Amino acid sequence: MKHLFVINPSAAKVKNNIPQLINEILDFFSKNRHLRCEIHVTRWKRDASGYVHRYLSETDETVRIHSFGGSGTLFEIVNGAVGLPNAEIASYPLGENNEFILYFGKEYEHLFRSIETQVASGTTPVDAIRSGNVHGISHSLVGLEARSNLHSIEMAGRTKLPTNYRYILPALKEILLGKAKAQKYKINIDGVSCDGNYISINIANGPCYGKEMCAAIDAHPNDGFLEVYMINEMSALKLLTIISPYTKGEYRKAPKYVKHFSGKKIVVSSNDVICFSVDGENFYDKEIEFEAIHHAIKFVIPNEVDLKKLPRIYNHPEEGCVGDR
């Protein structure tokens, strides 16, 4: 097996620490000479996708790709590796947002940052979200939440506000200015029509987005399903009252306003342009297909994590949710 370390120099916990991180990698492998590693520092946005794909395509040997960065870095590596049988992915939560890793619980986060642990641990197959030619591992957002994600990215370079505030504030601004309007969508979930006017749609493989917002508490990234949460059209005042419980995974407190379904293939279309995101990367189209690709990724999970007890940080959902499978 080869070990390829992909380092994103713009990631929050990587900036100004690149020499130190490289030395830690080289020091570990100098003490374990039976192991082999290469290091690539990304040069521009999406550089990791092309580099990883070429690297994997040029060998039949198993390659464990170590993602040094946050959700954006992991997104790039997933898109370079998905579909290639010799790829394994280990993610180090070194970005401002590390959404997929939040699923496993904060008490295990230090293990995901350990080179020794990430090299020695085994892999577990997890699902991916396919949307056209793009693949995500965590979530897709449509409408208000996708626009809030876009504005959060734009604000990142201009403010030191915590990530969650950068998500919430643009949404609040839209609501207060009366711009958080519902859009008319045609939605098909595994052949079932769910057409309607919705303010926002969350299509989740994992429960979290942002810094630590866990709206999709039903989502498990290896069950072959995507969880779909659709926020109905409502008044601005009512919308303000459900934002907090919704982002905490308490959407069942507002059953008239938030619908929940599970499915393997979701098609969303509209007469108007749709703003949507996949793992924090924003796109635009008038029709999008989201599909759960079961066990598409061999993901490294520290051996110390007891998978039978996951998810550890969420309350067990009560029964009776609309659309529960």
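**Strands and rings in a predicted model**

Strand β5 (residues 123–131) and strand β14 (residues 281–300) run antiparallel and are joined by 8 bridges, where strands (E, at least two residues) are DSSP runs numbered from the N terminus and two strands pair if DSSP finds at least two bridges between them. This is a predicted model, in which local features need pLDDT of at least 70 and side-chain atom pairs count only at pLDDT 80 or more, while totals for chains, interfaces and linings use all residues. Residues are numbered from 1 along each chain as its sequence is written, and side-chain values use heavy atoms, with hydrogens and water left out.

**Strand pairing**

- Valine 126 has isoleucine 297 in β14 as its bridge partner.
- Strand β13 (residues 265–278) also runs antiparallel to β14, and 10 bridges join the two; here isoleucine 274 is partnered with aspartate 285 of β14.
- The hairpin of β13 and β14 has 2 residues between the strands, and in this hairpin aspartate 279 takes a positive phi near 50°.

**Aromatic rings**

- The whole structure holds 13 aromatic pairs, meaning rings of Phe, Tyr and Trp (its six-membered ring) with centres within 6.5 Å, counted as stacked if the planes are under 30 degrees apart, edge-to-face if over 60 and tilted otherwise.
- In phenylalanine 68 and tyrosine 92 the ring centres lie 4.3 Å apart with the planes at 45°, so this pair is tilted.
- Phenylalanine 68 belongs to strand β3 (residues 63–69) and tyrosine 92 to strand β4 (residues 87–93), so the pair ties together parts that are 24 residues apart in sequence.
- Ring pairs link Phe68 and Tyr92 with Phe5, Phe28 and Phe29 into a cluster.

Key: Helix = DSSP H or I, 4+ residues; strand = E, 2+ residues; numbered from the N terminus.
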